[in-house]
Amino acid sequence: MSRAKRSDDWGFPRWRPYGSSNEAQKVRLCDRHGCTNAGNCPAPKSPNSPDRWYFCETHAAEYNRGWDYFEGLSAEDAAERAADEARGARSYARAQHYAWGGSGDGSRSADEMRALEILDLEPDADFETVKKAWRALAKETHPDVKPGDANAAKRFAAGQAAFEVLKQAEERKTWKPAGA
């Protein structure tokens with residue numbers, strides 16, 4: 001009668017990873033006849049079917065090259081399904097992070113965008129255009145030009161604040177050496 005022997009690892013995880021065991025691992029083979037690689041890529045057996053083939057990467061790629069998404073559908077049904085898919089893809093593209101936030105390329109803050117609106121400029125206006133728009137607004141609405149006009153004074157103050165916001169943003173964009 002032989003004695004039971006201890007295993008070398010004592011069951012302590014430092015000798016092997018957690019959850020590992022000495023039993024053989026079950027590996028699903030590729031469903032392609034004659035292939036002995038692991039079949040870890042599921043593929044549908046037919047459209048709208050829960051049944052799956054399990055192929056290795058090579059045979060999954062071969063299977064996908066010959067896959068016809070519209071197989072078994074009439075031309076009208078295939079066109080309708082294609083239109084539904086395209087409609088869904090366009091909706092996703094429109095909902096990307098920058099599209100719902102308004103116009104612009106994302107390089108300007110919300111305050112800068114409001115300042116550009118006050119000066120009636122496009123979101124991609126450069127600083128020279130901002131200066132010209134501010135000068136034109138100042139000539140038109142300055143309290144010395146239109147004394148006693150409260151509406152013009154209000155527009156002038158808003159334009160001045162908008163120009164300051166855009167001027168500070170422009171200064172932050174340009175690099176200046178520490179000693180300058």
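The model is predicted, so local features need pLDDT of at least 70, side-chain atom pairs count only at pLDDT 80 or more, and totals for chains, interfaces and linings use all residues. Residues are numbered from 1 along each chain as its sequence is written, and side-chain values use heavy atoms, with hydrogens and water left out.

Let's start with H5 itself, residues 150-173. Helices here are DSSP runs of H or I with at least four residues, numbered from the N terminus. The end C-alpha atoms of H5 are 35 Å apart, which agrees with the 34 Å its 24 residues should span at 1.5 Å a residue; that expected span is 1.5 Å times one less than the number of residues.

Which residues of H5 are buried? With buried meaning under 20% relative accessible area for a 1.4 Å probe, protein chains only, they are Ala152, Phe156, Gly159, Ala162, Phe163, Leu166 and Ala169. Their cover includes H3 and helix H4, residues 127-141.

Now the packing. H4 meets H5 at about 160°, axes 10 Å apart; axes are lines fitted to C-alpha atoms over the stretch in contact, and angles run from 0 to 180 degrees between N-to-C directions. The two are therefore roughly antiparallel, the word for angles over 145 degrees. On the H4 side, the contact (heavy atoms within 4.5 Å) includes Phe127, Trp134 and Leu137.

And H3, residues 110-118? Here the angle with H5 is about 135°, with axes 9 Å apart. That makes H3 oblique to H5. Among the H3 residues touching H5 are Ala115, Leu116 and Ile118. Thanks, all!

Definitions and conventions:
Parallel < 35°, antiparallel > 145°, perpendicular 65-115°, else oblique. Buried < 20%, exposed > 50% of the residue type's maximum accessible area, 1.4 Å probe, protein only.
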